[in-house]
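Colleague: I am new to this structure and would like to learn how to read the packing of its helices. Could we look at it together?

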Amino acid sequence: MAIWIEEDAKILVQGITGKQGTFHATKSVEFGANVVGGVTPGKGGQMADLGIIQVPVWGTMSEAISATDADASVIYVPPRFAGAAIIEAADAFKSVKGNGVIVCITEGIPTLDMVKATAHVRGIEGVRLIGPNCPGIITPSETGGAKIGIMPGSIHAKGRIGVVSKSGTLTYEAVAQTMSIDEGQSTCVGIGGDPVNGTGFIDCLSAFEADEQTAAVVMIGEIGGTAEEEAAAWVAENMSKPVVGFVAGMTAPPGKRMGHAGAIIAGGKGTASEKVAAMESAGIRCANDPSEIGAVLLKALQDAGLR
Amino acid sequence: MNIHEYQGKSLFRGAGLPVVAGVHCTSVEQALSAYDDLASKIVAVKSQIHAGGRGKGILYDPESGAEVMQGGVKIAFNRDDVETYATNLLGNKLVTKQTGEVGKIVNNLYIESGCAIAHEYYLAILVDREEKMPLIMASTEGGMDIEEVAESTPEAIHKIYVDINVGVTDEQANGLASSLGLDGSASDSFVTMIQGLFSFFAEKDCAMVEINPLVRTDDDEMVLLDAKVSFDENALFRHPDIVELRDLSEEEATEIRAKEAGLSYVKLDGNIGCLVNGAGLAMATMDVIKLYGGEPANFLDVGGGADEQQVETAFSIIMEDPNVKGILVNIFGGIMRCDIIARGVIAATEALGLEDPLVVRLVGTNFEEGRAILAASGLNIHTAETLAEGAEKIVSLIGGGQ
């Protein structure tokens with residue numbers, strides 16, 4: 001098992017004929033992901049060339065899911081259309097098969113569009129939204145795996161560490177750190193750096209807790225909001241597996257947005273030191289430096305009798 | 001994106017929201033003629049800068065540094081007062097709790113008619129990240145610093161969450177009015193105002209609307225006496241009218257240039273420049289520099305798909321900062337290939353004549369090729385395998401911490 005996405009999950013690409021969609025779908029296929037087709041409004045009936053394979057394009061998500069029984073969709077459409085793409089995918093998964101995972105990579109979606117989209121998805125049981133503004137989700141297998149997003153596939157290997165992160169490249173650091181102590185990953189989830197997103201830390205932690213393949217979790221946070229603090233409180237109450245962490249932005253000045261729309265210390269809230277304090281008091285060991293995540297994880301695994 | 005109070009009030013007026021008459025001025029003469037036109041015995045002379053805490057701020061002469069006047073918002077009781085205050089505000093530097101020591105030069109004034117205040121309230125609308133819904137916060141403690149109220153008497157802040165697809169219901173609006181102790185015509189006035197203000201927030205894609213103070217007049221009318229309005233940058237594409245209100249003189253010139261080049265840059269006070277891909281890793285790079293005794297000079301995220309040209313622009317932006325004594329490049333190649341970064345680094349150091357120490361850490365896609373390109377360049381570029389090693393090297397190369 002892994003969480004939410006099986007190794008051979010059937011994947012649709014929304015915006016497959018766009019530059020980003022074609023490029024990243026091709027990379028996913030090269031890695032071994034099971035991309036079954038895509039959607040671009042007005043381009044139904046065409047074939048999309050993904051290098052080693054060609055896949056059909058539909059005009060709507062309903063048609064695409066009906067034809068392929070897809071498990072997940074990944075969204076590469078431009079920001080102004082992304083909110084509507086999420087809502088279309090959610091409705092289509094609900095009406096055609098009753099469940100599905102929507103992964104939105106797009107950065108720069110208006111916040112109120114995300115307020116509407118997340119409210120819509122929240123009302124549909126069985127449909128999950130990951131992102132937006134995230135690297136995606138990957139479940140590595142022995143031969144590749146389900147790479148749904150823009151992460152470099154080659155750095156991953158199948159294993160027992162769950163990874164959840166607000167950041168993109170910092171997730172790759174965390175993955176590299178697990179590899180440095182000879183541990184692979186069960187599933188890696190980028191929840192994204194926007195103020196309003198779908199899946200949060202607690203959703204991921206609770207799924208990792210329930211997942212048999214996962215033995216421990218690496219959680220990467222950053223300044224802004226209080227999601228890390230809430231996750232820490234949840235871990236203290238509910239989590240039996242070791243969790244280690246890192247929080248970026250110790251040196252970030254207040255009131256300045258640090259690249260991600262959600263990475264801002266506002267009104268004195270959302271500082272890295274508060275987050276680390278909350279996580280450590282919940283038993284989550286935090287590295288001061290991403291280069292130490294491997295060592296901290298190794299110690300946690302040893303203390304739990306897992307190494 | 002922030003706008004000035006006078007611009008916010010003009011938008012409010014256009015949306016039928018209750019504001020008192022006022023005039024935007026950029027000279028003392030305009031301020032005096034505004035006073036004559038408003039025909040209000042008492043007026044407020046308000047400095048217009050993109051920062052809060054104006055009332056308690058202090059004005060300084062930007063040349064000599066001498067203190068000119070206390071308070072960036074003044075009540076004028078006659079024409080002479082208007083002349084004195086306008087003279088003392090315009091062209092001088094206003095330092096408030098939010099501007100920091102550098103302060104902001106006052107180039108704009110707002111002259112506003114007086115109104116008979118019975119009570120001051122606090123009101124704000126923003127998006128609550130945790131609930132993923134718009135949130136209205138209101139308090140009877142107007143005029144005060146809301147963070148202090150939140151700290152000392154959190155029970156005094158009333159909150160309602162609003163369904164974006166529905167807006168503020170009559171029940172919610174009446175309930176909030178009653179929580180604030182309003183009744184009769186004051187309550188009716190509040191209900192109409194809050195429903196209108198929320199519609200404005202949603203239609204214009206605001207990031208935040210803060211009214212401090214919202215006032216009840218002696219006639220039991222609610223009036224928006226302040227207007228601190230900011231907009232969601234991501235939604236500006238659908239609001240060309242709002243984009244026109246942008247005052248670039250209020251924003252950091254280098255940050256604007258970086259944004260135009262597709263880079264995300266924030267200037268800091270240290271002496272080690274950083275060039276990183278990804279916002280989280282860029283923050284972590286700053287943190288690790290500090291951990292090894294150095295001080296980061298900036299946050300700079302070149303994004304996921306930067307090309308050679310963007311890397312060169314990034315270098316030139318970092319090197320514009322005279323405090324920079326060394327640069328750390330930290331790239332985890334995903335979408336971005338390390339060989340492209342390596343070529344960009346070489347082109348930039350040659351074009352810009354970089355003499356400061358440079359440490360480059362490349363990992364991920366095509367990292368071997370990237371490292372080989374750097375090694376073959378013959379330039380004085382230090383390399384590192386991990387972020388910690390990179391930070392340690394650059395700190396030691398510039399001669400330790402500050």
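Colleague: At what angle do the axes of helix α10 and helix α11 of chain B cross?

Modeller: First, a word on the source: this is a predicted model, in which local features need pLDDT of at least 70 and side-chain atom pairs count only at pLDDT 80 or more, while totals for chains, interfaces and linings use all residues. Residues are numbered from 1 along each chain as its sequence is written, and chains are lettered from A and ligands numbered from 1 in the order in which they are written. Two packed helices are described by the angle between their axes and the distance between the axes. Here α10(B), residues 308-320, and α11(B), residues 338-352, have axes that come within 8 Å and cross at roughly 45°. Helices are DSSP runs of H or I with at least four residues, strands are runs of E with at least two, and both are numbered from the N terminus; axes are lines fitted to C-alpha atoms, for helices over the stretch in contact, with angles from 0 to 180 degrees between N-to-C directions.

Colleague: Which word describes how α10(B) and α11(B) lie to each other?

Modeller: They are oblique to each other, since angles under 35 degrees count as roughly parallel, over 145 as roughly antiparallel, 65 to 115 as roughly perpendicular and the rest as oblique. Residues of α10(B) that include B:Val311, B:Phe315 and B:Met319 meet residues of α11(B), among them B:Ile341, B:Ala348 and B:Leu352, where contact is defined as C-beta atoms, placed from the backbone, lying within 7 Å.

Colleague: Which residues of α10(B) are buried?

Modeller: A residue is buried if 20 or more other C-beta atoms, placed from the backbone, lie within 10 Å of its own, exposed if 12 or fewer, and partly exposed in between. In α10(B) the buried residues include B:Val311, B:Glu312 and B:Phe315, and their cover includes α8, β18 and α11 of chain B.

Colleague: How many residues of α9(B) are buried?

Modeller: Eleven of its 13 residues are buried, so α9(B) is largely enclosed by the rest of the structure; among them are B:Leu281, B:Met283 and B:Asp287. Just after α9(B), B:Gly293 takes a positive phi of about 90°.

Colleague: What is the crossing angle of α6 and α7 in chain A?

Modeller: The axes of α6(A), residues 201-210, and α7(A), residues 227-238, come within 9 Å and cross at roughly 25°, which makes α6(A) roughly parallel to α7(A). Their contact involves residues including A:Phe201 and A:Leu205 of α6(A), with A:Ala231 and A:Trp234 among those of α7(A).

Note on methods
Two residues are in contact if their C-beta atoms, placed from the backbone, lie within 7 Å.
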